[in-house]
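Here is a short briefing on one protein chain. Keep the structure open while reading the points below.

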Amino acid sequence: MDLGERIKRMDSWLLDEVCQPLADKLPERLTAFEVGMSCQLGSLLLSAVSIIAVFIVTGMNDFGNMIFNVLVWALCVTFFIGLSRLRVLVQPGKANPLRYMLISVRIISIPFTFYVIYQAITSPVTFSSAMWFNAFSNIVFVVGLYFISCQPRPPQRRAKEEIWGRVIAPEGSGL
């Protein structure tokens, strides 16, 4: 087994053994995709706060870094918009195609998140709060990706409506 297969196996384990049981325990009205998209939106907001905090700390003197950070954030916004348009692909009772479409993004985002956490731990005190917002943004992003990639629950069958133990519409009555 080569390194690529081991990485895929670890990704599948995280998805099947950690995230899927959590997604299955969500309330019926709340889907894993919706939780994942909420995490993606939260990640965007935390990232924006991080960028604003860096601008405030540096006194907005470094125009090149400001533009770069805003452009990266705009790229994240387009990724969010693209994911929200893929919502129609995730249907109850069917396999989630995003599980396979997002495998590379999930695999790349985990080591990048560890690197950003390392940056937050080792950053100077003046940049500490901004870096921790960025680290939390990346953690929430990864969690959101895994929830988006979970298999949707099959549709629930409605139980027969009963009043005081009596069936209102018996099977085969045409009502």
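Where does Val90 lie? Val90 sits in the loop between H3 and H4. The coordinates come from a predicted model. The protein has 6 helices and 2 strands. Along the sequence, these elements follow the pattern α-α-α-α-α-α-β-β. Of its 175 residues, 29% count as buried.

**The loop between H3 and H4**

- Helix H3 covers 63-85 and helix H4 covers 98-101, and the loop between them holds Arg87. Val90 is in the loop between H3 and H4 as well.
- Val90 has a relative accessible area of 16%. The cut-off for buried is under 20%, so Val90 is buried.
- Arg87 has a relative accessibility of 36%, so Arg87 counts as partly exposed.
- Val90 and Gln151 are 61 residues apart along the chain, and their C-alpha atoms are separated by 8.3 Å.
- Arg87 pairs up in space with Glu34: the two are 53 residues apart in sequence, with a C-alpha to C-alpha distance of 9.1 Å.

**Salt bridges**

- How many salt bridges are there? The count comes to 2 salt bridges.
- One of them joins Asp11 and Arg106, with the closest N and O atoms 2.7 Å apart. This pair links distant parts of the chain, since Asp11 is in helix H1 and Arg106 is in helix H5, 95 residues apart.
- Asp11 and Arg106 are both buried.
- Arg99 forms a salt bridge with Asp16, and here the closest N and O atoms are 2.8 Å apart. Arg99 lies in helix H4 and Asp16 in helix H1, so the pair ties together parts that are 83 residues apart in sequence.
- Asp16 has a relative accessible area of 34%, so Asp16 is partly exposed.

**Around Asp11: Ser104**

- Ser104 lies in helix H5.
- Ser104 and Asp11 are 93 residues apart in sequence, and their C-alpha to C-alpha distance is 9.8 Å.
- The relative accessible area of Ser104 is 40%, so Ser104 is partly exposed.

**Helix packing against H6**

- Helix H5 spans residues 103-122 and helix H6 spans residues 128-148. Their axes come within 9 Å and cross at roughly 160°.
- Why do H5 and H6 count as roughly antiparallel? Angles over 145 degrees fall in that class, and the H5 and H6 axes cross at roughly 160°. H5 and H6 are therefore roughly antiparallel to each other.
- The H5 and H6 crossing is left-handed.
- Helix H2, residues 32-58, also packs with H6. Here the angle is about 165° and the axes are 7 Å apart. That makes H2 roughly antiparallel to H6.
- The crossing of H2 past H6 is left-handed.

**Nonpolar surface patch**

- Which residues form the nonpolar patch on the surface? They are Trp13, Val18 and Leu22. Together they have about 290 Å² of accessible area.
- Leu22 belongs to helix H1, which runs over residues 3-24.
- Leu22 has 47% relative accessibility.

**Points to carry forward**

- Helix H1 holds Asp11, the partner of Arg106 in helix H5. Helix H1 also holds Asp16, the partner of Arg99 in helix H4.
- H6 packs with H2 at an angle of about 165°, and the axes of H6 and H5 cross at roughly 160°.

Notes. Residues are numbered from 1 along each chain as its sequence is written. This is a predicted model: local features need pLDDT of at least 70, side-chain atom pairs count only at pLDDT 80 or more; totals for chains, interfaces and linings use all residues. Side-chain values use heavy atoms; hydrogens and water are left out. Patches are made of residues with over 30% relative accessible area and no salt bridge: like charges are joined within 9 Å, nonpolar side chains (Val, Leu, Ile, Met, Phe, Trp, Tyr) within 5 Å. Accessible areas come from the Shrake-Rupley method with a 1.4 Å probe; for residues, only the protein chains shown count as cover. A salt bridge is a side-chain nitrogen of Lys or Arg within 4 Å of a carboxyl oxygen of Asp or Glu. Helices (H or I, at least four residues) and strands (E, at least two) are DSSP runs, numbered from the N terminus. Buried means under 20% relative accessible area, exposed over 50%, partly exposed in between (1.4 Å probe, protein chains only). Axes are lines fitted to C-alpha atoms, for helices over the stretch in contact, and angles run from 0 to 180 degrees between N-to-C directions. Angles under 35 degrees count as roughly parallel, over 145 as roughly antiparallel, 65 to 115 as roughly perpendicular and the rest as oblique. A crossing is left-handed if the near helix is turned anticlockwise from the far one by less than a right angle, and right-handed if clockwise.
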